[in-house]
Each structure stands twice: as C-alpha cells, then as structure tokens.
Amino acid sequence: PPPPPTGSWPNPTGQVNVNGTIPVSGTLDGGMRRYCCIGDGSQEESQDPMFRLESGATLQNVIIGAPAGDGVHCAGPCTLRNVWWEDVGEDAATFRGSGSPNFLVDGGGARSASDKVFQHNGPGTLTIQNFQATNFGTFYRSCGNCSTQHRRNVVIRNVTLTRPGNTVAGINVNYGDTARFSGITIVNDSSRSMVICRKYNGNSSGNEPTQIGTGADGTNCIYSSSDLTYR
C-alpha cells in the first residue's frame, strides 16, 4: 500500500477529559475522539502514561491531545491501530513485556516528539506500518541503557517521515538488534541528513550508550536505497 499522505490529519469527533491513566484490556475504540490531558508536557521520564495496555490489548481510533504524559505503555504484546499523537512530548509509546512479544503500530501519526516517538524497552519485535511523523528526534529507539537488556527487532514499512527529524531508528548492535526498512518516504530532506539507522553499543548500567556507526550493513540495519524515497 502507498504510504499515508503527509499533512492529512484527522479532526476529532469529540473530547474525552482524562484525569489519570486509563487501563486497557481487550479493545478500546475511541471513535476518533481526542483524549486529553495528563502530565505537564515535559521530558520527565517518570510521568504516568495516558493509556496502559495489558498484554494482548488493542487501542484504536484515538487522537491523543497534549499534554499526554508518557503516552501509551504496553505491558506485553499490543496493537495500536489508527492512533494519532497531536504533540508527543516525551515518548508516544513505550513497549515492554517478556518472552518474545509482537507489537504492532498500524496507521496513525505523531507530531512534535522532542525526544523519541517509539521506545522499545522489552524484548520482541515491533512492526510500525502505514504511519506518518514529523518534528521528532528519533522515530524508534531500542533502549540504550535499560537495566535489563534484550535483543530487539523493528520492522518499519510504508511510513512517511517529514523533517525536522534526526534519526529513523537507533539500535544496539552488541545485543543483536535488527531494524528492517521498506517503503520509507522522507520529506523535506534535500541534504539527506536524516539518519536511517543509527548503531550503538548499549549497556545495562544506565550510562549513555556509545554510537558506533550508521547506515545499512545487511546484518543489523537492513535496507537498500530502493527502500527510501525522498520528496
């Protein structure tokens, strides 16, 4: 399928006032209402999420207003379908769990993630598809310094990313992470300055991870020039 058009953004059908974290088990369908507000819009890592998804839960057709606290937390495998973040703040969604969970982000979009859009702290594989984002630091990050580390995999396909944006994916090669890219459209990047895949040696001691390189290598960062379109 073609990537979603840039700039098209859904209009909320109504407003839900949020006073604290909303737990989700099973499926929560927001009917394209805007859920707002929680937290203070800061970079504080300890903020509560707006939604906390139990293992196997689905959150769909939701517009998340700002401030959104720490966005969405998944405690295990989860699906985020057609979820839109108007102003991310810290992170849009954080993925945790144990074993080898599969996480899916399908459709939706995010704006103004001064740090990261998707933060992968647990093990398993995150697939992000049919998504658009603009004005972000890093679109996907495998946690560089979590106290418990894992091998993590990400598949990013059919997404449109509009600069400003620094990095599409950051992964830890020393833990065997993989990032696979296809159908990536990058907008407003005539200088080709957005880094597609940034490689680190991560750690479990809380220190800043060490960057060791960028670019496709066929092992950890998997893509070719035909997977990227600039416009």
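Numbered in sequence order, the bonded cysteines of the protein chain pair as 1-2, 3-4, 5-6, 7-8. The model is a predicted one, and the count comes to 4 disulfides. A disulfide is a covalent bond between the sulfur atoms of two cysteines. Three of these links are visited below.

Select Cys74 and Cys78. Their sulfur atoms lie 2.1 Å apart and form a disulfide. Viewed along the S-S bond, the link of Cys74 and Cys78 is right-handed, with 90 degrees about that bond. Cys74 is buried at a relative accessible area of 1%, and Cys78 is likewise counted as buried, at 2%.

Next, select Cys143 and Cys146, which are joined by a disulfide with an S to S distance of 2.2 Å. The torsion about the S-S bond of this pair is about 105 degrees, so the disulfide is right-handed. Cys143 and Cys146 are both buried.

Proceed to Cys197 and Cys221, where a disulfide spans 2.1 Å from S to S. Here the torsion about the S-S bond is about -70 degrees, so the link is left-handed. Cys197 belongs to strand S13 and Cys221 to strand S15 (residues 221–222), so the pair ties together parts that are 24 residues apart in sequence. Both cysteines, Cys197 and Cys221, are buried.

Is Asn207 buried or partly exposed? With a relative accessible area of 47%, Asn207 is partly exposed.

How values were computed. Residues are numbered from 1 along each chain as its sequence is written. This is a predicted model: local features need pLDDT of at least 70, side-chain atom pairs count only at pLDDT 80 or more; totals for chains, interfaces and linings use all residues. Side-chain values use heavy atoms; hydrogens and water are left out. Buried means under 20% relative accessible area, exposed over 50%, partly exposed in between (1.4 Å probe, protein chains only). A disulfide is a pair of cysteine sulfur atoms within 2.5 Å. Helices (H or I, at least four residues) and strands (E, at least two) are DSSP runs, numbered from the N terminus.
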